[in-house]
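Please look over the chain shown here.

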Amino acid sequence: MAAFGLKCVRPLRNLLACSSQHHAQLVPQMRLMSSTTYEFIKTDVVGTDGRVGLVTLNRPKALNALCAGLMDELIKALNEMDEDPKIGAIVVTGSEKAFAAGADIKEMQNRDFTSNYRENFLGWWSNISLVRKPVIAAVNGYALGGGCEVAMMCDIIYAGEKAKFGQPEISIGTIPGAGGTQRLTRAIGKSRAMEMNLTGTPIGAAEAASYGLVSKIFPPETLVDEAVKTADKIASHSKIIVQICKESTNAAYELSLHEGMRFEKRMFQSTFATNDRKEGMSAFVEKRKPDWTDN
């Protein structure tokens with residue numbers, strides 16, 4: 001949830017209303033995304049035929065502290081890319097110094113319980129986890145507090161060799177509020193999550209990888225390229241099948257093994273209603289490259 005940063009003035013409660021309005025308007029604008037003007041992020045389309053969306057957090061003076069304006073823009077961009085039929089996967093990154101050093105403390109310093117509860121403060125951050133297409137977090141430098149939590153909302157985490165992951169909220173008199181006690185515990189286990197949350201001490205990239213929090217580690221200068229390469233590979237597959245696979249894999253965190261296996265079988269069976277399942281198996285038998293139609 002929290003760590004370091006400077007103040008943003010953008011109102012918090014605009015996000016959900018803003019998000020609900022994206023879907024009717026965004027598809028025609030998608031190929032113009034790289035020229036869209038944002039204050040706190042940069043967007044681009046990369047990879048083969050522009051099939052990978054790239055979002056770069058861009059608040060360098062505050063180490064990409066996650067103010068409301070930055071989160072609004074991040075979720076807006078992710079929603080746009082989710083609706084773009086040409087994009088198959090997304091990469092989110094920051095700078096080499098900081099992925100995101102946490103939530104903006106000056107912005108939340110004077111908040112109170114009543115307003116937090118009434119507005120469901122930080123609740124809209126979870127919209128990141130609702131993106132249907134795969135999202136890779138490419139983490140260089142600090143991923144602390146909210147920065148670590150945002151990375152965990154993504155589907156895959158790649159880290160630069162000097163990356164630092166942590167939940168230091170305990171040191172400022174509060175606790176994580178966007179997944180640090182829940183997603184982190186599921187990712188690395190109770191004992192390690194307790195140690196990180198109760199001490200506030202961050203861990204390095206190698207340790208994060210050994211815990212299972214991070215998938216792979218790369219030199220800082222090649223990290224984003226490697227994340228884009230993986231995203232490009234994902235985007236080379238059928239988009240509808242990729243989304244079904246992501247949904248089924250995520251269900252493992254919510255369901256018992258019995259219910260999860262049942263859900264997986266239903267999702268597997270559902271692929272037989274798609275043209276791409278027929279095309280994929282036909283291409284395999286005929287020893288040719290599949291021609292996906294994403295339906």
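The sections below go from the whole chain to single residues.

## Overall picture

This is a predicted model. The chain holds twelve helices and ten strands. Of its 295 residues, 48% count as buried. The accessible surface comes to about 14,900 Å². Carbon and sulfur atoms supply 55% of that surface.

## Strand S3

Strand S3 spans residues 89–93. Five of its five residues are buried, so the strand is largely enclosed by the rest of the structure. In a regular strand, side chains alternate between the two faces of the sheet. Both faces of S3 are covered. Ala-89, Val-91 and Thr-93 lie on one side, and Ile-90 and Val-92 lie on the other.

S3 pairs with two strands discussed here. Strand S2 (residues 52–57) runs parallel to S3 and is joined to it by five bridges. Within this pairing, Leu-54 has Val-91 of S3 as its bridge partner. The chain gets from S2 to S3 through helix H2 (residues 68–83), and this β-α-β crossover is right-handed. Strand S5 (residues 135–139) also runs parallel to S3, with four bridges between them. Val-91 has Ile-136 as its bridge partner in S5.

The pairing continues from S5. S5 and strand S7 (residues 156–160) pair in the parallel sense over four bridges. Val-139 stands opposite Ala-159 of S7. S7 is mostly covered, with four of its five residues buried.

S7 also pairs with strand S10 (residues 216–218), again in the parallel sense, over three bridges. There, Tyr-158 has Lys-216 of S10 as its bridge partner.

## Helix H7

Which residues of helix H7 are buried? In this helix (residues 190–199), they are Ala-193, Met-196 and Asn-197. They cover an arc of only 90 degrees around the axis, which puts them on the same side of H7. An α-helix has 3.6 residues a turn, so residues three or four places apart point the same way.

The face turned away from the buried side of H7 carries the exposed residues Ser-191 and Leu-198. What covers the buried residues of H7? The cover includes strand S8 (164–166), helix H6 (183–188) and strand S9 (203–204). Gly-200 follows H7, and its phi is positive, near 75 degrees.

## Lys-246

Lys-246 is found in helix H10 (residues 239–251). Is Lys-246 buried or exposed? Its relative accessibility is 12%. Buried means under 20%, so Lys-246 counts as buried.

What does the side chain of Lys-246 contact? It makes a polar contact with the side chain of Asp-155, at 2.8 Å. Leaving out residues up to four places away in sequence, Lys-246 touches Val-131, Arg-132, Lys-133, Pro-134, Val-135 and Asp-155. One of these, Val-135, falls within S5 (residues 135–139).

Conventions: Residues numbered from 1 in each chain as written. Predicted model: local features only at pLDDT ≥ 70, side-chain atom pairs only at ≥ 80, totals over all residues. Heavy atoms only, no water. Buried < 20%, exposed > 50% of the residue type's maximum accessible area, 1.4 Å probe, protein only. Pairing = 2+ DSSP bridges. Right-handed = clockwise from strand over helix to strand, strands pointing away. Areas by Shrake-Rupley, 256 points an atom, 1.4 Å probe, with all protein chains shown as cover. Arc of directions from axis to C-beta. Contact = heavy atoms within 4.5 Å. Polar contact = N/O pair within 3.5 Å; in protein donor to acceptor, adjacent residues only side chain to side chain.
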